[in-house]
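This report is meant for a reader who meets the structure for the first time. It goes from the whole chain to single pairs and residues.

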Amino acid sequence: MLWYNSAALSHNIVDRHRLRSEGGCCMPGLEKVALFTNEYPPNVYGGAGVHVEYLSRELAQLVPVEVRCFGDQDVSGERLRVRGYGAWPEAKQNTDARFGGALDAFERSLRMAKDTLDASVVHCHTWYTDMAGFLAKKLWGVPLVLTIHSLEPLRPWKVEQLGNAYHLSSWMERASIEDADAIVAVSQETRNDVLRLFNVDAAKVHVIHNGIDLQQYRATQASDALTRRGVDPSKPFVLFVGRITRQKGIIHLVNAIPEIDPSLQVVLCAGAPDTKEIGQEMAERVAEVSARRGGVIWIQEMLPRADVIQFYAQASVFCCPSVYEPFGIINLEAMACETAVVASAVGGIPEVVVPGETGELVPLELKPGTFDPADPARFAGDLAAAINKVALDPALMARYGAAGRRRVEEHFSWTAIAQRTLEMYRSLV
């Protein structure tokens, strides 16, 4: 197994500024990198988009990068070229409306792949563009790399959103993974899932963790973003940030609210529901718990990054109640802002959050063959107990926050992660 650990190897990072001043690339034989992605600024709504945004920026310090993404972006920089591919208007015509997302992704992938490609390697992110990489490999004869941010076989609730097109998204993902020249798993647990679910050579699957911008994500005393949205910064609060999906487990946190100490505000920065059904379920449940206790603030808009950082920094506890989480970059963001974390002990989260050091991990037993908690009431109660334990103990809260910042500084620098990624590219070309 090739396991690139950014902490262990960070002292070997190439001086990127020296490389730029010399006008050369640090990787002989690697002339250019192409990144294919659904999300790219300004269209970022999840961890995969954050990953590609920062990875492309760091890679461009070392080698020319071309990003092909969903959208209308058109940016040309010295080392970074960004090109957007617009939606397919006919995707939802004369068909089941739920099929639109997968059909649109397939059509955009075809356009991405057929356009002239002069890169040495193509690197895809999420199933939305995996097929673009698969086709580009065939058309242009370049090595294919995929980063696994999540896996369709482990997200069966996507049937609610995609209908039978879930089988199309799953096929696009499987065909690409099993044809890839290298696969990046964002955690060791994700690597285990890839080897268990797909027919791939274990030597092709590399663990390279997600990273964090340590200068951007850091503690701040600013709180104007909170007051504008009805949060009292003088009172402690528990924070959730994420989309309204089954995967993120937000309903379980809402169900925990009656057991969260009433002195704590509960701030839910949650929007973009996967389906109307889960959006309705969320609205009904929040209304129900809000009728029983005050201090529940649901912010449904997509907040600017600077505002989100204020929320992270001012929160007493950040809660990540996911039922499936290959890595959980949001936990890094909270830790970088010196905030204690309470998270479910699933997927790659235990590789980020150290229980008793940077936060608390809540055990989660799932019903066999599902991503439903075996005992939802117990899981909700355990979440509440962990939140109360940390948020009501200022000394513990401060200790976890300081340790979290140290951990991200030591282990999760984007500069180191970009270097590990380039080394992996070089092994292919």
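This is a predicted model: local features need pLDDT of at least 70, side-chain atom pairs count only at pLDDT 80 or more; totals for chains, interfaces and linings use all residues.

Residues are numbered from 1 along each chain as its sequence is written, and side-chain values use heavy atoms, with hydrogens and water left out.

## The chain as a whole

The secondary structure of the chain comes to 16 helices and 15 strands, where helices (H or I, at least four residues) and strands (E, at least two) are DSSP runs, numbered from the N terminus. The chain has a radius of gyration of 21 Å, close to the 22 Å that the globule rule gives for 429 residues, so it is as compact as a globular protein of that length; the radius is taken over C-alpha atoms, and the rule is 2.2 Å times the number of residues to the power 0.38. Along its principal axes, the C-alpha trace spans about 60 × 55 × 40 Å.

Buried residues make up 59% of the 429 residues in the chain; buried means under 20% relative accessible area, exposed over 50%, and partly exposed in between, with a 1.4 Å probe and protein chains only. Of the contacts with a separation of 6 or more, 69% are accounted for by residues 24 or more positions apart, a contact being heavy atoms within 4.5 Å.

## Salt bridges

Side chains of opposite charge can pair when their charged atoms come close. The structure holds 31 salt bridges, each defined as a side-chain nitrogen of Lys or Arg within 4 Å of a carboxyl oxygen of Asp or Glu.

| Pair | N to O distance |
|---|---|
| Asp 104 and Arg 108 | 2.6 Å |
| Lys 138 and Asp 179 | 3.0 Å |
| Glu 301 and Arg 229 | 3.3 Å |

Asp 104 and Arg 108 both lie in helix H4 (residues 100–114), 4 residues apart, about one turn of the helix. Asp 104 is buried, with a relative accessible area of 9%, and Arg 108 is buried as well, at 10%.

Lys 138 counts as partly exposed, at 48% relative accessibility.

In the salt bridge of Glu 301 with Arg 229, the closest N and O atoms are 3.3 Å apart. This pair links distant parts of the chain, 72 residues apart: Glu 301 is in the loop between strand E12 (296–299) and helix H12 (305–314), and Arg 229 is in the loop between helix H9 (224–227) and strand E10 (237–243). Glu 301 is partly exposed, with a relative accessible area of 45%, whereas Arg 229 counts as buried at 17%. Salt bridges that share partners join Asp 224, Arg 228, Arg 229, Glu 301 and Asp 307 into one network.

## Two buried loop residues

Cys 337 is placed in the loop between helix H13 (329–336) and strand E14 (340–344), and at 1% relative accessibility it counts as buried. Leaving aside neighbours within four places in sequence, its contacts include Tyr 217, Arg 218 and Ile 309.

Ser 322, in the loop between strand E13 (317–320) and H13, likewise counts as buried at 1% relative accessibility. With neighbours within four places in sequence again left aside, Ser 322 is in contact with residues including Gln 247, Ser 344 and Leu 364.

## Backbone angles

Most residues other than glycine have a negative phi, and most peptide bonds are trans. The peptide bond from Pro 41 to Pro 42, however, is cis, with omega near 10 degrees, and Pro 42 sits in the loop between strand E2 (33–37) and helix H3 (47–59).

Asn 94, in the loop between strand E5 (80–85) and H4, has a positive phi near 55 degrees and is exposed, with a relative accessible area of 84%. Thr 126, in the loop between strand E6 (121–125) and H5, has a positive phi of about 75 degrees although it is not a glycine, and at 17% relative accessibility Thr 126 counts as buried.
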